[in-house]
Every structure is written in C-alpha cells, then in structure tokens.
Amino acid sequence: METTAPALETHDLSVAYQKKPVLYGVDLEIPEGKLVGIVGPNGAGKSTLIKAIMGLLPLRSGWVKVFGQPFAKAKRRVGYVPQRESVDWDFPVNVMDVVLMGRYGHLGWIKRPSAADREIARNCLDQVNLLPYANRQISNLSGGQQQRVFLARALAQESDLYLMDEPFAGVDAATEAAIIVLLKELKARGKTILVVHHDLTTAKDYFDMLVLLNMRVVDYGDTADVFTVEKLQKTYGGRLTLLSDVTRQEARQKAGEEV
Amino acid sequence: MSTRLTPSRSVRWQSTAGLAVVVWLALFAVTPAAWADRIGDIQETSVWEQAGRFFTFRDPGLRLALAGCLLLGLSCGLLGGFVVVRKMALVGDTLSHAVLPGIALGFLWNMTKDPVAILAGATLVGLLGVMVVDWITRTTTLQQDAALGLVLSAFYGVGICLVTRIQRLPTGNKSGIDKFMFGQAAALGEDDIVLMLVTTLVTVALIVLFYRGLLVLSFNREFGEAMGLPMKLLHHLLMLLTAFAIVVAMQAVGVVLVSAMLVIPAASAYLMTDRMHRLLLLAALIGMGSAALGAFFSFLGHNLPTGPFMVLAGTVVFIGSFLFSPRYGWLTRLWRQHSRRLRTELENTLKAMYRVQEDRDFHGEGVSVLELAERRKETVEEIQARVKNLRSAGLATLTEEGRMIHFTPEGYRQACLIVRNHRLWELYLTNVAHFAADHVHAEAEEVEHVLGEDTVRQLERRLKFPRQDPHGKPIPSLRDMVGTSAEEELQRGTETLGYR
C-alpha cells in the first residue's frame, strides 16, 4: 500500500471565480479505500472544491492527480454525483435513461449501450432499490428517489473514486440510511468516496476522514483526530472575510473591472 | 376503477378538432382569392381546382415548394426539440432575427440569390450574434434576457436597413429578397432545395450519431463534462445546426416567424410524451405536417405568404396538444376530475345505503327510496337520479314500482370497501395521528375515495386488523364483503383486494 499513489491528490488548488466562493491553496492527499467527508459552513467552497477537482471550473493555480495521473487522463476512474437541484427533473427522460448516462463515459462518442451496459444499469438500480421504477418518468419520483437515481448513475460509471455533492440533502431518513449503507459497501469493495456533507451531527459517524473546509483546508485527517470542538470552531467561527474580499478583488482587477 | 380518457379517444378528438381548423384556415386562404377574383388580377381558378392541382402535384414549382416545406419542418422540429428542453427558445428567436444582416450580405456578395453565399453569410452573422450575447452576459451584470433582446433588435435593425437598400438597387425589385421577410415557399428554387436537403440530411445524421451526447448535454451538462464527453463541441454543433435550419427555412417561413417553427412543434410534442426520442420524432412529424399545411393554404390562396399559415397550422396542433394531451391536457384533466366526481357521488350513495341497512342491523332486504332520501337529506327526485346512476353502473337494482333499492353483489362489495376505508382512516387519525375524535369524520369523507388497496393493507397492519372504528361502529371485513354467495365470490373478493 505504501507504494501506490493516493486516490486523489491536489496541490495548491486555488479558485477565484466571480460569483463563486473562493478556494485557496487546497492540498489534499486522500488514500485509497476511504470514506471522506467535506464539511464546512455555507459558502466555504465545498461544491466549488469538487467541481474544481473535476476541472469544471477554471483554476487559478494548482493541480489535481487521480491515482497518480493528471485528472484528464483518469476521468473514467472518477464517478460524480452532482447536486440534485442542478438539473431539471421535468426533463423528458425516464429513470433507466438517466442511469444509462453513467455508461456514456465508457462508450465514448458513438457506440450505443449494449445489452451488457443495460444489465449493469439494472444492477445499479437494484442496488439503490429503484429497479421497479426503471421506466418511470423522473418527475414522478420523490426527492429521495431522485437522489438515488443519481447514485445509481454514478455506480453505473464503475469508477474507483466517487465525488458526491450533498447526496444527503433533502432526503428522508430511510433514504439517508440506505445511502450510507451503500457507501460503506462501496468502501468495502476498495472504492474511495469523497462526500460533501452539511450535517455535523452525523459527520462523525459516517466518515473515516474529514476535510474541514472554509475557503482553505482548516484541517484534514482521521475523523477521531479532526472532529474536535476547537477545530470545528476554527472552521465555522469567524468568516475569513478579508481573505475572500482580497482574493475576489484581485480577480476583479485582473478582469479589468473598476474596483 | 375510474374511467379514463383512453389515448385512442383523445387521438380521435384531436383529429376532429384538427379537421375543423383546417376548414377554418381554408377560409383564411380563400377569402383574399375571391376578393382578387373580383379585381381580376389573378387567374380564375376555383378553390377546388386549386386544391386538385395541389394534390395531384402537377406543378413542378409546387413539388419543389412542398419538398422544401417538408425538409424545413423536419430539421426545425428536430432541432427545436433540443431548443425547447434546454430552455433556449429565446436564443432561437434571437438567432433567427440576427441572421438577417447576413442574408443581405450574402446577397450583396455577388448580387444574386446564391443559396450557398446566403447560407454562409447568415450562419456567420447569426453565430456572431449568439457570441455577442454570451460576451455581454459574461462581462457585465446584465442578465441573458436583456442581452438577447438587445442583440435581437440591433442585428434585426441592421438587417432591415440592408434589405431596404438592396430593394432600392436597380435590380433590387427582382431580387426576391423580400421573400425572406414573410416567407414564400413558391420562391424556392432547385438550388435552395438541394441545399435544404443537404443540411437536413447532415442534421438528421449528426443527431442520430451523437444522440446520447446531446441528451447528456441537454439534461446535465456538468455530468457530461465530468465524464470527459465533448460537451462544448456538441453545444456549438447544435447551435450551428440550428443556425443552418433557421437560414434554410427562412425563405419559406420568413424572418419574423421562423423561430416559431423551432418552438411550436417541439412545445406541442413536449406536452404529449415524456421520452426525449419520442419528443424529437413527434416534433419532426408536427413540423413537417404544419409546414406542408402552410404550403397547401398558401397555394390555395394563390401564393399568399407561407410562413403565417405554417405557424397557424402548428399553433392548432399545439392547442390540440394543450387541450387533449394524455397527461397535461386541460380538457383531459377536466374529464378526469369529472369522472372522479361522478365516482365519488356513486360511492357516497352506496355508503348511505349501507348505513341505512346497518342502522337496522342488516334486517330486511332492500333500502327504500324514502329511507335513503332521509339519510342523505335530499328530495326523492334527487335520490331517484342517483339510483339511476347506480343502476347504469350495475351497482344496484330498483324494484318495478320504483320504491325499493337493492345492492347488486358488486354494489354491496363496493359499499363495504368505502365504509371500511372511511372507518380505517378515522381510526388511523385518532389512534396514530392523535386527531380529536370529532375532527376525523370530515377528513375521512375525502380520503375514503382515494385510498388504494396497498395503503389499506398498510393501515390494517399498522392498526393491527381492527374490528371497530373510533365511534364503536364495526369495520366491514372481507367476510362481510363476500355476503351470502359462495366460494367464487370469496375468490373474486380476494383477487380484487390483492391478497396473494
């Protein structure tokens, strides 16, 4: 295990994008097979961090490596669960269509999903207990079911590293319990999972390791070491207004705006 | 189960309504022709002759026009599907207005209506317009709608100026550039059709080839990007194809209305289905249908502008879809509400009959009309009307002299079901949700009609298969519902109740 590259490594990752929270100098090294939570106050840049890792936002500086390779080369080994609100649930597709999208990364440009791909998708739906709903239009699902559709789609990606943006937001208690069981199963199969989480009361039980984030990494390590009153206060108390203001000001000046 | 508006019936409705509006549109087309006849500046042909000429496809010019219309309906319908689900209808509108200066420049390139030069000029200027919108929204705090409105009007203004200049040129009058304003399918030449054929084939081929990529782009672009699919490229491809479709359609539809051919067929299809590939197929069919109808009416009225008729025909389809679509249709919903109300009334009458019998401990066979009227606090006439409905639904019979009502076995079973639903729900509200006992009746009056058998099973389990409601009245069980008759009734009862 000593010789293998970490599942995810970021170095000096900084984002200063207008209208988005600021991230500053994020260094992370996440070993394989861990279930890691990202916690921090609103506007701390939790979602921004996930998106920056996947190259969905322009970086100001820094780099990302996945299993020792630059992200662009290892895209297929990364599965993504975006925030549920990020899509239009009235869109004319059914549950199966959405889960099959998870296969497109492997299929590439033109290839159609094969019977094997469909079988994988059915299997993933079964893992989140949604197989009976495979032919249902996605607007006819509860919030918890919609979240599980996204999880099934990520499972269909058959990745080694999963990045999940608030998978527990707005779901009922039963769904939350089912999701956490699923995540632990994934971990048992050697997968690495990074989860944006906003509920401190459960964070301690759910995750092996925690990233305390507030525009920069306040602390990172095993949950037992990091989940302390003092460190949480450091994360949640006292917004770093100056850091965010100055960095944003710099970004605006670079864009030629009047300051 | 409640009666539903079957799809076949809604299709029949739709076609009837469609026919009515075809006649109405025909009146539009015919009136000016009749007027022109009096002036005598148009060759004398009757409407029927003209329609006959259309359907025999004798005129080569007509054949070209019709082919062009079908092609433009196809490509606009397909691309419009993406435009609508991506909530980019206004972008389509802006694009269609922004291409006008490009058309004029393409014409000025060598002073003829060269389709390729016009296509190139229009596409370039149209995409420039979209880029300007993008640029404004990115670098200022203006929102997209303002930027779209700005670009639309500015480009369109430049286009109008250029077109007017061209018309003032010595050769301008014969240029045919005025056809771009209101659309005239009859003005399509062979070159135009070839170009339309090529762009439409390219569009269909690329959509089929990249369908899944385009689906991800439309549904969840970030996810596609995270998977490494070329989302940016597909987005630009889609914009380019849309620009092509707009430009080649413009001569037949006109600059002002061409965006309607993107939006209307796709919006109609959106209401009819909830799968993307069916939406695209339907939008293409509706697009082709309304474009062909537009050509027909334009021909009927001796080359009236085609665009307005296409758009009207499309609008009629949309209205049909809005009223009758199986899921969202306004009339479909009204119909469903109506049949549900009828159902509720039937069930309430059955329940009242049951209560009358229950009050005399189920002695005696039927229930008299008078008893029922007393229980429901209604007149004898009102009760007679209700009984008539029960009889036609096969739930009760009336004796010959018209005084006594008897349950049919099915009627009795349904009465038991509804009383059971009512009392179970009352019990649930009092025991589990802790409502006060005098608050639960009104609630249960509504809920009893919508409880499904699955929910009833859950309730029974939760309440440990209760025998009595909170007011001490017995809750009918399966045995009561089966009544006197034999094994087969039990069998039927169990099947309907979903016991396995």
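How much area do chain A and chain B bury between them, and what share of it lies on carbon and sulfur atoms? In this predicted model, for which local features need pLDDT of at least 70 and side-chain atom pairs count only at pLDDT 80 or more, whereas totals for chains, interfaces and linings use all residues, side-chain values use heavy atoms, with hydrogens and water left out. Residues are numbered from 1 along each chain as its sequence is written, while chains are lettered from A and ligands numbered from 1 in the order in which they are written.

Chain A and chain B bury about 2,900 Å² between them, 63% of it on carbon and sulfur atoms, buried area being the accessible area (1.4 Å probe) that two parts lose on being put together, summed over both. On the side of chain A, Phe91(A), Pro92(A) and Trp109(A) lose the most area to chain B, and together they account for 24% of what that side buries. Counted by contact (heavy atoms within 4.5 Å), the interface brings 33 residues of chain A together with 26 residues of chain B.

Across this interface there are 3 salt bridges, each defined as a side-chain nitrogen of Lys or Arg within 4 Å of a carboxyl oxygen of Asp or Glu. Asp97(A) forms a salt bridge with Arg275(B), with the closest N and O atoms 2.8 Å apart. The elements that give two or more residues to the side of chain A that touches chain B are α2 (95-101), α3 (104-107) and α5 (143-156) of chain A, helices being DSSP runs (H or I) of at least four residues and strands runs (E) of at least two, numbered from the N terminus. The largest share of that side, 3 residues, comes from α2(A).

Over all chains, the count of salt bridges comes to 24. Within chain A, Asp219(A) forms a salt bridge with Lys231(A), the closest N and O atoms being 3.0 Å apart. Because Asp219(A) lies in strand β10 (residues 217-222) and Lys231(A) in helix α9 (residues 229-236) of chain A, the pair ties together parts that are 12 residues apart in sequence.

Grid points are joined across faces, edges and corners, and a volume is the space filled by probe spheres set on the points. The largest pocket holds about 1,800 Å³ of space. Of the 44 residues that line the largest pocket, Arg86(B), Asp134(B), Arg221(B), Glu225(B) and His235(B) are the closest to its centre, and the largest share of the lining, 7 residues, comes from α6(B).

The count of cavities of 30 Å³ or more comes to 5, and the largest cavity has a volume of about 120 Å³. Residues that line the largest cavity include Lys113(B), Phe180(B), Asp192(B), Met196(B) and Gln251(B).

Notes:
1 Å grid on protein atoms, 1.4 Å probe; cavity = no way out; pocket = protein on both sides within 12 Å on 5 of 7 lines; lining within 4 Å.
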